Amino acid sequence: MAINGSVNGELNGHHEGFLDLYNNRSVVWVASEKLEVQHRDVPELKDDDVLVEVIATGICGSDPHVWASNPSKPPPVLGHESAGKILKIGPKVIDREVGQRVAVEPGFPCMKCEFCVIGKPNVCANLAYCGHTQNGTLQRFVVCPASVTVLIPENVSWKSAGSIQPLAIAVQLGRRGNMRAHQTVAVFGCGPLGLLTIGVARAYGVKKIIAFDVEQSRVDFAVKYGADVGILSPMNTAGIEPLEFASLFVSEVMTKHKLGSGVDLTIEASGAEACVQMGVHITKPGGMFIQAGLGKPLMAVPLTLLTAKELTMKGTVRYTPGCFADAIDLLARGAVDLESLVTSTYPLTKINDAFAAQKARKDIKIVVMNQE
């Protein structure tokens with residue numbers, strides 16, 4: 001059941017209709033690389049829900065894959081990196097108030113399955129996720145459980161708030177890698193996730209950060225953002241056997257930058273097979289390799305080398321409890337900068353332009369302003 005007109009008038013003490021819930025512009029996939037802004041009814045609040053006026057939503061690297069796809073079942077309303085203001089609270093909500101600024105955690109775990117009960121809700125067997133299994137946050141208004149909203153202080157801009165979710169993922173990545181002050185860290189891929197990982201690593205006081213990317217502009221940005229060394233990764237255009245190519249390149253890097261036996265922690269955030277191979281080569285014996293980038297479903301990994309070096313290899317996905325709060329704290333204290341990552345903003349009414357720009361890869365991070 002949709003929220004009715006009387007609620008519309010109660011929200012902030014304004015006259016009925018001031019907040020037009022009947023104009024809930026929402027981004028809907030209609031065909032490959034074609035989105036439409038359509039109205040979607042705002043659901044009735046349950047006892048533990050809040051109604052959020054969504055102000056800003058970042059475009060994730062996964063969103064253009066949905067945009068360009070041809071699924072058998074049309075995806076729901078898109079979007080999952082959002083922040084906004086609480087407009088109404090359910091009758092049983094006691095820890096949230098109307099007017100508060102919040103980030104919305106987009107994953108709704110069941111908290112009953114075998115994974116949730118051991119503290120791993122990010123791999124919940126019944127996970128509902130905005131923009132994928134249920135309507136997302138590229139709308140003017142969203143109803144969600146109060147428990148998935150995290151308070152944002154006033155000194156955090158809406159432009160930055162639209163990228164809190166990927167920062168939370170970088171925080172989770174730091175947790176998975178047991179990131180510590182004395183470490184040397186290699187990051188492959190200087191897109192938003194790689195850059196935010198660099199930001200978190202710098203905030204945690206790691207000793208040295210080496211960043212790799214195939215685009216010089218992103219390498220340069222990574223150095224400005226906090227990497228100690230930025231390296232343009234070569235393409236294997238000469239047809240050299242892949243593992244030999246990775247070994248030769250990494251050996252040169254380690255010698256030039258005095259990395260000794262390698263780095264303590266490697267973060268692979270590109271999803272490129274060659275970077276996985278380079279990452280295993282550059283990680284020192286006994287070190288850790290974290291796979292964060294999503295690439296081909298099947299790729300070649302030098303397992304013999306991984307075994308011989310006794311590396312720990314982990315995957316990482318989404319975020320766990322407390323990651324959003326940690327991300328917001330880092331942001332509020334200025335320990336991590338999101339503002340400079342957002343290189344373009346678009347009104348929700350120009351959503352196709354925003355997705356086309358994301359595909360063109362000219363921007364670091366794009367944020368959509370949901371009320372425009």
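The lining of the largest pocket divides into 25 nonpolar, 15 polar and nine charged residues (nonpolar: Ala, Val, Leu, Ile, Met, Phe, Trp, Tyr, Cys and Pro; charged: Asp, Glu, Lys and Arg; polar: the others, Gly among them). This is a predicted model, in which local features need pLDDT of at least 70, side-chain atom pairs count only at pLDDT 80 or more, and totals for chains, interfaces and linings use all residues. Residues are numbered from 1 along each chain as its sequence is written, and side-chain values use heavy atoms, with hydrogens and water left out.

Largest pocket
- The volume of the largest pocket is about 1,500 Å³ (the space filled by probe spheres set on grid points joined across faces, edges and corners).
- A pocket is an open set of points on a 1 Å grid over the protein atoms alone, where a 1.4 Å probe fits, with protein on both sides within 12 Å along at least five of seven lines; lining residues have an atom within 4 Å of a point.
- Helix H4 gives the most to this lining, with four residues (helices are DSSP runs of H or I, at least four residues, and strands runs of E, at least two, numbered from the N terminus).

Second largest pocket
- About 500 Å³ of space lies in the second largest pocket.
- Its lining has 25 residues, and Asp-49, Phe-108, Val-143, Cys-144 and Pro-145 lie nearest the centre.
- Strand S8 (residues 141-145) provides the largest share of that lining, five residues.
- By class, the lining of the second largest pocket has eleven nonpolar, six polar and eight charged residues.

Loop residue
- Phe-115 lies in the loop between strand S6 (107-108) and strand S7 (128-129).
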